[in-house]
Amino acid sequence: MFSAFVKTFLGVATILAATGAATAQASCTLSSLGGDDAPRLLQAVKSCATTVIPKGTTLNIATRMNMTGLSNKRIELEGTLRFNPDLAYWTGNGFFIPFQTQITFWLLGGQNIVLTGGGTLDGAGQSWYDAFATNSSLLRPITLTIFQAQNVLVENITMINGPEWHNLVNEAQGVVYNNIHINAVSTSSHGAQNTDGWNVYRSDDITIKNSVIVNGDDCVAFKPNATNVLVENLDCTGSHGISVGSLGQFPGMFDIVQNVTARNIKMTKAQNGARIKAWAGPNVGSGIVKNITFDGFVESSVDNPVVIDQCYMTNATACSQFPSNTFIQDIVFRNISGTSTGSVVAALTCSPDGRCSNIEVDNFNLNSPSGTARFTCSNVMLSGSAAELFPTCSET
Ligand SMILES: *[C@@H]1O[C@H](CO)[C@@H](O)[C@H](O)[C@H]1NC(C)=O
Ligand SMILES: *[C@@H]1O[C@H](CO)[C@@H](O)[C@H](O)[C@H]1NC(C)=O
Ligand SMILES: *[C@@H]1O[C@H](CO)[C@@H](O)[C@H](O)[C@H]1NC(C)=O
Ligand SMILES: *[C@@H]1O[C@H](CO)[C@@H](O)[C@H](O)[C@H]1NC(C)=O
Ligand SMILES: *[C@@H]1O[C@H](CO)[C@@H](O)[C@H](O)[C@H]1NC(C)=O
Ligand SMILES: *[C@@H]1O[C@H](CO)[C@@H](O)[C@H](O)[C@H]1NC(C)=O
Ligand SMILES: *[C@@H]1O[C@H](CO)[C@@H](O)[C@H](O)[C@H]1NC(C)=O
Ligand SMILES: *[C@@H]1O[C@H](CO)[C@@H](O)[C@H](O)[C@H]1NC(C)=O
């Protein structure tokens with residue numbers, strides 16, 4: 001009943017699975033033909049249930065790929081997709097992402113999609129890092145954007161040298177990232193800036209686990225309307241931490257981050273460990289950060305191991321005059337250990353007027369290289385042993 005044969009289809013070696021009547025191509029294998037491989041990859045993914053990029057093959061992605069509206073697709077990336085660093089092309093043609101004025105190389109969306117295979121997404125970021133050093137308004141592409149998607153698995157993938165964020169999850173539900181390696185390192189004096197591991201935006205039911213990240217900005221960031229997110233077993237080096245926010249930046253917008261757990265996180269040589277940041281001051285937005293748990297962080301040489309900053313980008317005078325409209329409640333920092341770089345190991349800075357509530361701090365073992373570890377806070381009520389740890393925090 002089953003027969004398979006190979007034919008050439010737009011330069012794609014295609015294996016047809018036929019059970020009597022013709023069916024859609026079951027599996028397509030791509031090779032590099034020189035020039036831009038993006039149109040063939042796009043065509044293959046649209047036509048075939050499984051698209052294979054074999055080990056040893058590097059596809060040159062020189063034009064943007066709109067892979068939205070897919071259904072039941074598997075992309076078996078054993079080789080490499082390399083995003084051609086033609087800065088003029090991408091700044092003019094990358095898909096525009098209105099949130100924080102961004103662009104992306106690749107939109108992947110629809111339902112029941114698997115991206116796997118042990119291969120690599122190479123953002124060829126060095127040209128971008130160097131160009132950004134002389135043009136701080138340069139639009140740099142996000143490597144992979146999961147957009148308007150349900151039930152997506154991204155597993156066993158390496159991402160190197162993204163020009164900017166490596167992953168954006170935008171308007172998606174049910175996305176799992178497992179066993180991802182991210183490495184963004186500049187070889188010049190210009191850093192790999194803003195090379196976040198993941199940003200989750202307007203998305204629900206997202207898991208990021210068992211991954212190793214070396215980068216130059218947030219390891220994972222929960223942006224407006226990230227809900228029901230689990231982050232576990234990550235090893236983050238050089239990053240800006242696991243961050244909620246910044247939230248409440250844009251006037252007229254209401255930002256929600258709720259039901260987030262980040263656990264078993266190793267954080268090394270980072271700017272922050274576990275962090276929540278919300279804007280205060282005049283002309284900002286509003287929102288709520290609720291039910292966030294940071295549990296089991298092992299930190300080493302981290303500038304700010306534990307942070308709440310509800311006066312983000314706002315000085316103390318302005319923050320008391322214009323407290324944050326982004327309320328923070330039901331937050332747990334538990335089992336956080338390791339060392340800072342400076343004397344302050346934990347800083348809980350809330351706006352006045354009870355805008356932080358039910359903040360729990362439990363089982364801290366944080367040390368400072370200077371000998372005296374400082375735990376600072378303002379406008380937070382702590383109880384029990386936590387209140388002893390943070391001497392100024394039994395007052396409001
Ligand atoms: C991407 O393709 C879809 C059709 O699948 C289309 O509706 C959408 O407008 C395209 N998006 C962009 C940003 O071009
Ligand atoms: C900097 O980048 C922006 C956005 O990509 C671009 O519009 C502008 O022309 C660039 N400026 C220079 C001096 O190249
Ligand atoms: C990822 O790799 C593991 C170990 O090789 C394998 O068991 C798993 O099936 C792979 N994932 C996918 C989606 O193929
Ligand atoms: C977040 O969700 C709330 C409730 O659905 C909505 O009012 C708000 O506009 C959303 N905010 C953003 C930034 O999408
Ligand atoms: C808090 O969030 C966790 C997921 O991080 C969820 O399992 C739990 O039910 C939530 N608790 C409440 C009271 O909403
Ligand atoms: C948070 O989790 C609780 C308990 O599971 C659930 O009732 C609530 O709807 C969740 N909140 C959001 C925004 O999903
Ligand atoms: C504290 O966190 C570490 C690192 O994640 C973990 O190995 C340890 O079991 C946790 N301890 C408790 C009491 O949960
Ligand atoms: C605090 O910020 C306000 C508003 O941005 C500014 O006008 C003021 O000069 C700042 N005060 C100090 C002490 O920096």
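## Exercises: two ligands and their neighbours

Ligand 6 is surrounded by Thr-227, Asn-228, Gln-258 and Asn-259, where a neighbour has a heavy atom within 4 Å of the molecule. This is a predicted model, in which local features need pLDDT of at least 70, side-chain atom pairs count only at pLDDT 80 or more, and totals for chains, interfaces and linings use all residues. Residues are numbered from 1 along each chain as its sequence is written, chains are lettered from A and ligands numbered from 1 in written order, and side-chain values use heavy atoms, leaving out hydrogens and water.

**Exercise 1.** Describe the shell around ligand 6 by class and by strand.

*Solution.* Start with class: the shell has no nonpolar, 4 polar and no charged residues. Next, look at the strands (DSSP runs of E, at least two residues, numbered from the N terminus). Strand E18 (226-237) and strand E20 (254-268) each supply at least two residues of this shell.

**Exercise 2.** Find the distances from oxygen atoms of ligand 6 to the side chains of Asn-228 and Asn-259.

*Solution.* For Asn-228, a polar side-chain atom lies 2.8 Å from a ligand 6 oxygen. For Asn-259, the distance from a side-chain N or O atom is 2.2 Å. Finally, the protein covers 36% of the 360 Å² of accessible area (Shrake-Rupley method, 1.4 Å probe) that ligand 6 has on its own.

**Exercise 3.** Which residues are around ligand 1?

*Solution.* Look for Asn-66, Thr-68 and Phe-95. The side chain of Asn-66 places an N or O atom 2.3 Å from an oxygen of ligand 1. For Thr-68, a polar side-chain atom is 3.4 Å from a ligand 1 oxygen.

Terms used. Polar contact = N/O pair within 3.5 Å; in protein donor to acceptor, adjacent residues only side chain to side chain. Helix = DSSP H or I, 4+ residues; strand = E, 2+ residues; numbered from the N terminus. Nonpolar A, V, L, I, M, F, W, Y, C, P; charged D, E, K, R; others polar.
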